[in-house]
Amino acid sequence: MSKSEQTVLNSESKIATSESAHEISKDGAFVRQKNRFTTPFGDGENELPVEANRYRLLWAGICPWAHRQIIALNLLGLTDVISIGEANPVRTEKGWEFSLDEGGVDPVLGIRYLPEIYEKTDPEYDGRATVPTVVDVKAGKVVNNDYFKLTNYWETAWKPFHKKGAPDLYPVELRDEIDKLNDIIFHEVNNGVYKAGFAQSQEAYEKAYDTLFARLDDLEERLSKQRYLFGDKITDSDIRLYVTLARFDIAYYLVFRVNRNRIIDFPNLWAYARDLYQTPGFGNTTNFDAIKRGYNLGNHAENPYQILPKGPDVSIWNTPHDREKFIK
Ligand SMILES: N[C@@H](CCC(=O)N[C@@H](CS)C(=O)NCC(=O)O)C(=O)O
């Protein structure tokens, strides 16, 4: 489908289904839309009550912002109290579709396309219906799509439901530093690849590309001295960096033109990525096939003949990483 056909389709439906014109600045740079549903979880009057079996998290295996929620829920043992719905990784012109489920509808919410629940929640909403989305099943409405802060809610407000021995992914004494690094990782790496991929000017693309690789060089150096970003223990920042590393060589390198080098060319970043991949919660929630199909065949991809790249070989993610050497 050509870009102009895509635009026509998008303008016909009220809810935008791909990165829309309003997310491109005058100089051709991609500026991500703001989150619409941002009420935090907590026990305050205006907060979302933390309650078992009340919420459903909707995601798609392609999506880094959604994947990090799934990793956090798995590490913390929250998958017993928050249900999970998964959309097909290949996004359609009508938005995320629950075609992996029997009958093509989400078994709990009964929706075929994600925009249906956004429309039901707020008929005025005209942004993109995105994953991750948290739905209050009792009310049948979207309550949160704040992909940036969600992992922090699972890590803090949801503590009463953590499994025994769950890791502390957001230790109080490190929160300021974790927040600072998360901001950098977001702007320069997680969203950096999108800024390169969705840029509509050479200048904006090159700026994103240079910033991204300068930051990867910096992280390569940081990870030459310690096992994880903050030392010996996995934190929230590792989850955020991992989801982009896992998509880099198989999708971004080619589709988003971030081709200075691959992750497997950085000795420390590559060993670090494998170390996480081989940690329960990371590799078992990483679906390389979904990632490849999603980025290459989804409605935002410019791939008129729908050809799926054959490589790369992902079995190398299981090779030894030798990162235990950093633990004293
Ligand atoms: N909620 C954020 C981030 C989440 C996000 O962009 N998710 C993507 C998938 S990785 C999505 O759902 N896109 C739907 C669309 O563009 O129609 C946003 O609005 O930009």
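**Aspartate 101 and beyond**

Mentor: Aspartate 101 has 21% relative accessibility, so this residue counts as partly exposed; buried means under 20% relative accessible area, exposed over 50%, and partly exposed in between, with a 1.4 Å probe and protein chains only. This is a predicted model, in which local features need pLDDT of at least 70, side-chain atom pairs count only at pLDDT 80 or more, and totals for chains, interfaces and linings use all residues. Residues are numbered from 1 along each chain as its sequence is written, and side-chain values use heavy atoms, with hydrogens and water left out.

Trainee: Where does aspartate 101 lie?

Mentor: Aspartate 101 is in the loop between β2 (83-87) and α3 (115-121). Helices (H or I, at least four residues) and strands (E, at least two) are DSSP runs, numbered from the N terminus.

Trainee: And what does it touch, not counting residues up to four places away in sequence?

Mentor: Aspartate 101 touches Glu86, Asp106 and Pro107, where contact means heavy atoms within 4.5 Å.

Trainee: New topic: is threonine 133 buried or exposed?

Mentor: Threonine 133 counts as buried because its relative accessibility is 0%. This residue belongs to strand β3 (residues 133-136).

Trainee: Which side chain does its side chain meet in a polar contact?

Mentor: The partner is the side chain of tyrosine 118, at 2.7 Å. A polar contact is a pair of N or O atoms within 3.5 Å; within protein, one must be able to donate a hydrogen and the other to accept it, and residues adjacent in sequence count only if both atoms are side-chain atoms. The threonine 133 side chain also reaches the backbone oxygen of threonine 130, at 2.4 Å.

Trainee: Now the helices. At what angle do α2 and α8 pack?

Mentor: Helix α2 (residues 64-76) and helix α8 (residues 236-255) pack at about 130 degrees, and their axes are 9 Å apart. Axes are lines fitted to C-alpha atoms, for helices over the stretch in contact, and angles run from 0 to 180 degrees between N-to-C directions.

Trainee: Which residues make that contact?

Mentor: From α2 they include His67, Arg68 and Ile71, and from α8 they include Ile239, Tyr242 and Val243.

Trainee: Last one: how many residues of α9 are buried?

Mentor: In helix α9 (residues 267-277), ten of its eleven residues are buried. Among them are Trp270, Tyr272 and Arg274. The buried residues of α9 pack against α7 (202-222), α8 and α10 (288-297).
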